[in-house]
Amino acid sequence: MTLQAVLVVAAALFSVGLYGAVSQQVVVMVMMGLELMVNAVVLAAAGLWWFLAPTPDGHVLLLVVLAAMTVEMAMGFAVATVLHRSRGADTTDSTTDLNR
């Protein structure tokens with residue numbers, strides 16, 4: 001596999017995620033689109049580090065980024081679950097204000 005192939009796959013993944021985040025109104029689907037976009041960026045960064053500078057420093061940084069992203073998405077899904085249980089709201093239009 002070449003660097004160009006990795007970047008093409010990352011660009012395709014980012015495009016699918018962007019389409020999912022922009023076209024959907026359900027909060028969970030928007031978050032899944034954002035997850036795909038972040039994963040595409042991580043894949044591109046991992047590919048660049050693997051092909052341009054194969055040192056373990058970049059890989060450790062990517063693992064830290066993946067861990068932070070996992071915690072962030074878990075918190076987002078928790079907020080979406082609480083909103084759905086308390087208000088019955090699952091679309092982005094019905095969850096515009098979070099202060100009530």
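Residues are numbered from 1 along each chain as its sequence is written. In this predicted model, local features need pLDDT of at least 70 and side-chain atom pairs count only at pLDDT 80 or more, while totals for chains, interfaces and linings use all residues; side-chain values use heavy atoms, without hydrogens and water.

Helices are DSSP runs (H or I, at least four residues), numbered from the N terminus. Two packed helices are described by the angle between their axes and the distance between the axes. The contact of helix 2 with helix 3 comprises 19 nonpolar residues, four polar residues and one charged residue. Here Ala, Val, Leu, Ile, Met, Phe, Trp, Tyr, Cys and Pro count as nonpolar, Asp, Glu, Lys and Arg as charged, and the others, Gly among them, as polar.

On the surface, a nonpolar patch is formed by L7, L48, W50, F51 and L52, which together have about 500 Å² of accessible area (Shrake-Rupley method, 1.4 Å probe). Such a patch joins nonpolar side chains (Val, Leu, Ile, Met, Phe, Trp, Tyr) within 5 Å, from residues with over 30% relative accessible area and no salt bridge, the latter being a side-chain nitrogen of Lys or Arg within 4 Å of a carboxyl oxygen of Asp or Glu. W50 lies in helix 2 and is exposed (over 50% relative accessible area) at 54%.

A46 and V22 are 24 residues apart in sequence and 26 Å apart in space, C-alpha to C-alpha. Q4, in helix 1 (residues 3-23), is exposed at 55%; Q4 and A44 are separated by 40 residues in sequence and 9.9 Å in space, C-alpha to C-alpha. F77 lies in helix 3 and is partly exposed at 30%.

Definitions and conventions. Patch = residues over 30% accessible without salt bridge, like charges linked within 9 Å, V, L, I, M, F, W, Y side chains within 5 Å. Helix = DSSP H or I, 4+ residues; strand = E, 2+ residues; numbered from the N terminus. Buried < 20%, exposed > 50% of the residue type's maximum accessible area, 1.4 Å probe, protein only.
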